[in-house]
Amino acid sequence: MICLRSVVVIALALALAPKLFAVKVRHYYIAAEDVSWDYAPSGRDLTHGRPLPEPYRTQTRWNKTRYIEYTDSAFSTRKTQPEWLGILGPVIRAEVGDTILVTFLNRSSSTHSIHPHGLRYDKDNEGAVYLPYGKGAGIAPGERFTYRWQAGRESGPTAGGPSSVVWWYHSHVDAEREINAGLLGPIIVTAAGKADVRGAPKDVAREFIVLFMIFDELKGKDEGLFHSINGYIFGNLPGLVMKQGDKVRWHLLSMGNEKDLHTPHWHGKTVDYQNRHADVIELLPGSMATADMVADNPGTWLFHCHVSDHMESGMMATYTVFSPPRSCPVSVVREDWARVAESSRVRVRNLGPKPIRKLSLLSGYLVSSLDLQPLILAWFSDKPLPPDGEQTVRVGSEMFTTKGTHDLGVAFYPSWILFADGTEWKPHRLGDCFHVFWRNSRDHPDLPILPPVQLQQQED
Ligand SMILES: [Cu+2]
């Protein structure tokens, strides 16, 4: 009997052990670095397909200081972050119950810190300069400090709300100047039991974090005021893409001064926000808001601040909901840029079961990940193409010249296919089944290019 009781006690202890000791420590390595930042890398207003308006075209590249994430304490290998994060520092994630360690290395030329919102810390780990000072209040250039923060119950979502919430972190030595410099980023805390291994909520397909903020480069002069979303103006923010049907979570942030009253507005969809349906959300400087969207309306949609002055000044981006990919009857075969450029021929493969009698290809310059400029020229196959067969199609050589071009690459896509049985295939949208030959494949291996002609103007 005693023996059985001991077994039960041991079994109970073992069963409870994972719960008692499952406190996760998530360790991040984040440096502050002086960098150069371009508010409009394309040099264009990508939401309207035209040059940047004055006065913003004068200078879009400025010196900033950013939080950059590394893989470990050597601070030699950078972690890649999604393009859409833009100027924001890396996402620091935790599940309620976790401990967060951030080893901060100050590689910039001024003293900085990391101050978290929403998490629990003691004085030394507050990362803010005021009396009395904690050890992590300000870290001098070249120095490092490891902050320890707790994501307790009060850091997570409340019952009935979304499964994750967003908080700020930013430098707090001379906060106004440092935030304007770019030293800011998001913390996401997921409810206990609802996080995957990364700490991200399991019940949403993707989370986007978007900061609405006016960066001031010239002490308030118009040409130095960048009304940006994640540090990009006039549609230059890349990567807000999702699949049709995805449950998507938007974490909205605002920072800045009394001009930073922002009202993010989605075209194309409403969101669930604080027990109401909304397509505009109100933000004040320092605000953090979380809204959920079911991305069931395919297309490219405008996402912008609804304050008139801010709209005018380029506080806009687009997001794209992809419909499920259509099966393609042919593919353009992946090849080296140099090889294609030299031969002025692309190879086409018949992916379907039916023999193809004839087909035509169109092409366009990929000016940015959101902007494909179609060319009018069409090229035709010169002989039938059996199932699984490949043949080369001669295309114009002029598009492969590098002189004076700033495009990322050249895209080819089928525009018409005539099968041997007399039936035809035409694209639903021009650009369906496209393939890009990158001018520099090493620089743009994973750029999430969008099907062309999806960029539609969605004016209010
Ligand atoms: Cu605004």
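Me: Over how many bridges do E14 and strand E18 pair, and in which sense?
Reply: In this predicted model, strand E18 spans residues 288-295. Valine 248 stands opposite methionine 293 in E18. E14 and E18 pair in the antiparallel sense, and the number of bridges is eight.

Me: Which strand runs parallel to E14, and which residue of E14 is the bridge partner of glutamate 207?
Reply: Seven bridges join E14 to a strand that runs parallel to it, namely E11, residues 206-216. Within E14, the bridge partner of glutamate 207 is arginine 249.

Me: Why is strand E14 described as largely enclosed by the rest of the structure?
Reply: Strand E14 covers residues 246-254. A residue is buried if 20 or more other C-beta atoms lie within 10 Å of its own. Strand E14 is largely enclosed because the buried residues number seven of the nine.

Me: How many of the seven residues of strand E19 are buried?
Reply: Strand E19 comprises residues 299-305. The rest of the structure largely encloses E19, because its buried residues number five of the seven.

Me: Which residues stand opposite histidine 304 of E19 in strand E15 and in E20?
Reply: Strand E15 (residues 264-266) pairs with E19 in the antiparallel sense over three bridges, and histidine 265 stands opposite histidine 304. Strand E20 (residues 316-322) also runs antiparallel to E19, joined by six bridges. The bridge partner of histidine 304 in E20 is methionine 316.

Me: What is the strand order of the open sheet of three strands, and which are its edge strands?
Reply: The order of this open sheet is E21-E22-E25, with antiparallel pairing. Two of its strands pair on one side only. These edge strands are E21 (330-332) and E25 (390-394).

Me: By what angle are neighbouring strands of the sheet E21-E22-E25 turned against each other on average?
Reply: The sheet in question is open and has antiparallel pairing. With direction ignored, its neighbouring strands are turned against each other on average by 30°.

Me: What is omega for the cis peptide bond that joins leucine 131 and proline 132?
Reply: Proline 132 is found in the loop between strand E7 (115-116) and strand E8 (144-150). The bond joining leucine 131 and proline 132 is cis, and its omega is about -5°.

Me: Is lysine 219 buried or exposed?
Reply: Lysine 219 is found in the loop between E11 and strand E12 (225-229). Its phi is near 45°, a positive value in a residue other than glycine. Because lysine 219 has 7 C-beta neighbours inside 10 Å, it counts as exposed.

Me: What is the phi of glutamine 274?
Reply: Glutamine 274 lies in the loop between strand E16 (271-273) and strand E17 (276-278). Glutamine 274 is exposed, with 11 other C-beta atoms within 10 Å. Most residues other than glycine have a negative phi. Although glutamine 274 is not a glycine, its phi is positive, at about 45°.

Terms used: Residues are numbered from 1 along each chain as its sequence is written. This is a predicted model: local features need pLDDT of at least 70, side-chain atom pairs count only at pLDDT 80 or more; totals for chains, interfaces and linings use all residues. A residue is buried if 20 or more other C-beta atoms lie within 10 Å of its own, exposed if 12 or fewer, and partly exposed in between; C-beta atoms are placed from the backbone. Helices (H or I, at least four residues) and strands (E, at least two) are DSSP runs, numbered from the N terminus. Two strands pair if DSSP finds at least two bridges between them. Axes are lines fitted to C-alpha atoms, for helices over the stretch in contact, and angles run from 0 to 180 degrees between N-to-C directions.
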